[in-house]
Amino acid sequence: MYLQHFGLSEAPFALTPNTSFFLAMTPHVEALQVLQTALQTGEGFIKVTGEVGTGKTLLLRKLLNELPPPLRCAYLPNPCLSPSELRWALASELGLKYSANIDQQQLTSLIQQQLLALAAHGHAVVLILDEAQALPTDSLETLRLFTNLETETRKLLQVVLFGQPELDQRLASAELRQLRQRITFSYRLRPLDERETQTYLNHRLAVAGFKGAPMFGAAEARLLQRASRGIPRLLNILAHKALMLAFGAGDSRPSRSQLRAAIKDTEDATQGQWPLTWAGWLACGALLTSLVLWFGGVGQWGAGL
Ligand SMILES: Nc1ncnc2c1ncn2[C@@H]1O[C@H](COP(=O)(O)OP(=O)(O)OP(=O)(O)O)[C@@H](O)[C@H]1O
Ligand SMILES: [Mg+2]
């Protein structure tokens with residue numbers, strides 16, 4: 001690969017949400033602040049939504065790393081779980097030992113006892129779910145019932161939902177209105193603007209060990225921001241492809257045409273608005289000029305008659 005060519009110690013644009021590459025940009029900082037405030041106030045449900053690839057899982061991992069010690073965390077990365085699977089998963093996250101023969105009611109009461117025991121030792125539990133848009137409706141309802149448990153001052157179980165915008169659409173339905181009312185804190189991650197895009201790209205390169213002057217200027221960032229619609233995952237894909245092309249050509253940084261080639265090669269990228277290439281525009285200009293000259297000539301010829 002191109003690591004040696006650019007003097008990098010690791011891949012700068014890998015798709016894994018690796019917290020060592022985290023850049024504290026406004027949307028992500030605001031989301032973390034909302035999460036921390038909501039967790040401190042002890043509210044039942046907290047929600048973070050964002051388009052595919054905007055950084056929800058990365059944010060979640062950042063939150064997991066930064067949870068203050070009195071909060072105990074249970075993390076479910078894949079919430080395609082029925083209500084009973086959800087209870088089993090929660091029980092095992094809470095470190096419960098139980099016989100496989102117990103029924104759902106017994107399991108529920110074991111979970112409640114464990115939450116109460118943890119609360120007695122000063123621990124509130126935070127259940128964090130990624131991809132929450134995939135959680136079945138009856139499982140969401142199961143979660144809501146667990147968050148009914150509370151002390152005088154706070155919930156015994158707080159739930160943080162990370163999900164794509166489809167989660168908001170699901171929560172808008174009448175059958176989930178009770179849960180919707182419990183979500184007192186929420187945040188919607190927005191895509192990156194041009195300036196953030198430039199900082200983001202150069203930041204990832206710097207973390208990966210790049211030592212030269214910033215590789216992406218404002219014009220390159222504008223091009224990539226438009227093509228990616230400011231979605232970090234798409235930016236990673238485009239930047240990676242552009243670096244591959246620059247490496248292949250022996251260049252020290254991707255040129256504009258290499259960036260355009262990367263965009264063209266990426267199905268989900270927004271392609272340029274202009275249907276014509278520069279050569280096309282030149283040909284059009286030449287055609288227009290000759291038409292003007294020709295009509296001018298015809299006009300003079302007509303006047304001479
Ligand atoms: N603030 C940031 N700093 C550094 N990298 C980021 C940041 N935000 C997003 N990324 C990167 O963008 C890519 C996509 O992020 P992530 O996987 O967290 O998105 P997602 O919102 O969870 O997507 P999906 O909806 O598909 O699950 C990852 O490589 C992640 O590291
Ligand atoms: Mg994710």
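In this predicted model, the axes of helix H11 (residues 232-248) and helix H12 (residues 256-264) come within 8 Å and cross at roughly 130°, axes being lines fitted to C-alpha atoms, for helices over the stretch in contact, with angles running from 0 to 180 degrees between N-to-C directions. H11 and H12 are therefore oblique to each other, a term for angles that are not under 35 degrees (roughly parallel), over 145 (roughly antiparallel) or 65 to 115 (roughly perpendicular). Contact, meaning heavy atoms within 4.5 Å, is made by Leu238, Lys241, Ala242, Leu245 and Ala246 of H11 with Gln258, Leu259, Ala261, Ala262 and Ile263 of H12.

An open sheet of five strands has the order E2-E3-E4-E1-E5 with parallel pairing, where two strands pair if DSSP finds at least two bridges between them. The edge strands, E2 and E5, each pair on one side only, and neighbouring strands are turned by 15° against each other on average, direction ignored. Five bridges join E3 to E4. Helix H6 (residues 137-146) packs on the sheet, touching E1, E3 and E4, and its direction makes about 150° with that of E4.

Residues are numbered from 1 along each chain as its sequence is written, and chains are lettered from A and ligands numbered from 1 in the order in which they are written. Local features need pLDDT of at least 70, side-chain atom pairs count only at pLDDT 80 or more, and totals for chains, interfaces and linings use all residues, while side-chain values use heavy atoms, with hydrogens and water left out.

How values were computed. Helix = DSSP H or I, 4+ residues; strand = E, 2+ residues; numbered from the N terminus.
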